[in-house]
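Reader: I have a model open and want to go through a few contacts. Can you start me off?
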Amino acid sequence: MWRPVPEMAISVENTPVPLALLISGRGSNLRAVAQAIDDGRVNGIIRVVVSNRADAAGLEWARAQAIETLVLPHQDSPSRGAYDEVLVQALKSRGVRLVCLAGFMRVLGPAFCEAFPQAVLNVHPSLLPSFPGADAQAQALAHGVRVSGVTVHFVTPELDAGPIIQQSAVLVRDDDTCETLSARILVEEHRVYPEAIQRIIAGGWHVDGRRVVTTPVSET
């Protein structure tokens, strides 16, 4: 079972933190994180972009930016645990310190989470714990909620259940479709995800139950 551990120092003397971005599709959050790094809003460097799908559009974008890419099809592994082991080895060999899921459509197991304790992040298009899993925007519309949004959280073996780092609300309009709501939520994803990544890199936080809270100065 995943358990919180004391805050780990990710950044060392302001040195950019090596990141891995894991994608399965277009990679729009990958591009948002890369732009935040270029703008100086995230003190990181993208060491590798990994996808479980060779046709993920985000791979071509990463290659065009001279970022290393790696395709690890999950169908090639005999089990979920075996896949996680290969992925861990690939990231560790590249010195990755922080793993950022950006539309990666695979659930990571206990071995992966233990290999990167409190260093695996995910962005989800709802206000968790409401509407976990796939098609969160469609779930929100079907349920009739008036407010949805974005959650950045630590990844645990339980689906979309890790401690929450940051959230942002998005109002649901009467005339919203899944496409229009998804588009407005995506704008917030691109804003909030880099902010949350930088918060974890900068330190000064700890996990309190299911929340990530600021550590009082006297405890640092």
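Author: Start with a side chain: a polar atom of the Thr151 side chain lies 2.7 Å from the backbone oxygen of Ser126. This is a predicted model, where local features need pLDDT of at least 70 and side-chain atom pairs count only at pLDDT 80 or more, while totals for chains, interfaces and linings use all residues. Residues are numbered from 1 along each chain as its sequence is written, and side-chain values use heavy atoms, with hydrogens and water left out.

Reader: Which side chain does the side chain of Thr151 make a polar contact with?
Author: That of Gln167, at 2.9 Å. A polar contact is a pair of N or O atoms within 3.5 Å, and within protein one must be able to donate a hydrogen and the other to accept it; residues adjacent in sequence count only if both atoms are side-chain atoms.

Reader: Is Thr151 buried or exposed?
Author: Buried, with a relative accessible area of 0%. Buried means under 20%, exposed over 50%, partly exposed in between (1.4 Å probe, protein chains only).

Reader: Where is the place of Thr151?
Author: In strand 6, residues 147-154. Strands (E, at least two residues) and helices (H or I, at least four) are DSSP runs, numbered from the N terminus.

Reader: Switching to the core. Which residues have the most contacts inside the largest nonpolar core?
Author: Leu91 and Leu98, in a core of 64 residues. Such a core is a set of buried Ala, Val, Leu, Ile, Met, Phe, Trp, Tyr and Cys residues joined through side-chain atoms within 4.5 Å. Its largest share, 8 residues, comes from helix 6 (residues 178-202).

Reader: And what does Leu91 touch?
Author: Not counting residues up to four places away in sequence, Leu91 touches residues including Val48, Phe112 and Phe116, with contact meaning heavy atoms within 4.5 Å.
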